[in-house]
Amino acid sequence: MAIFQHTLHLPAYARGFHLITSLVEREFTELRRLNVGLLHVFIQHTSASLTINENADPTVRGDFERFFNKTVRENEAYYQHDYEGSDDMPAHLKAALLGNSVTIPITNGHLNLGTWQGIYLGEHRNQGGRRTLVLTAWGE
């Protein structure tokens, strides 16, 4: 069994949900060496998240952003962790709800996602900055 690991530094994204599937596949060339395996994608941040969802219609990503902004509101009086801005604690909560990793099957050197699936970066801060992913693939 082969194991590969790569650190991917993402550019800064605006607040919202962004498809990063193509970037992961392009940058992690070792995927092509695996006929069957798994890719684990982990984000090293507590105010951004990863999830898998609709990759075709961009209105889904906008709906995600609106839903999470309505569900986890900014400027709540009960937030104590607010010294980094009004979006800080809500960003942590959104990241906790969505998660910090995804695992995807690899088949014949490609991610075996469904026809309408893609990897989303959820950027929950107004000024989140660059984000770092740790990509680990294993298989044969």
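Modeller: Beyond the residues up to four places away in sequence, His 40 touches Ser 101, Val 102, Thr 103, Val 134, Leu 135, Thr 136 and Trp 138, where contact means heavy atoms within 4.5 Å. This is a predicted model, in which local features need pLDDT of at least 70, side-chain atom pairs count only at pLDDT 80 or more, and totals for chains, interfaces and linings use all residues. Residues are numbered from 1 along each chain as its sequence is written, and side-chain values use heavy atoms, with hydrogens and water left out.

One of these contacts, with Ser 101, includes a polar contact of 3.4 Å between the two side chains (a pair of N or O atoms within 3.5 Å; within protein, one must be able to donate a hydrogen and the other to accept it, and residues adjacent in sequence count only if both atoms are side-chain atoms). Trp 138 is 98 residues from His 40 in sequence, yet their C-alpha atoms are 8.8 Å apart. His 40 is partly exposed, at 23% relative accessible area (buried is under 20%, exposed over 50%, partly exposed in between, with a 1.4 Å probe and protein chains only).

His 40 belongs to strand S3; strands (E, at least two residues) are DSSP runs, numbered from the N terminus. S3 (residues 36-43) pairs with S5 (residues 101-107) in the antiparallel sense over 7 bridges, and two strands pair if DSSP finds at least two bridges between them. Val 36 has Thr 107 as its bridge partner in S5. The whole open sheet has 5 strands in the order S1-S8-S3-S5-S6, with antiparallel pairing. S1 (2-10) and S6 (110-111) stand at the edges with a single partner strand each, so one side of each has no neighbour in the sheet.

Methods: Helices (H or I, at least four residues) and strands (E, at least two) are DSSP runs, numbered from the N terminus.
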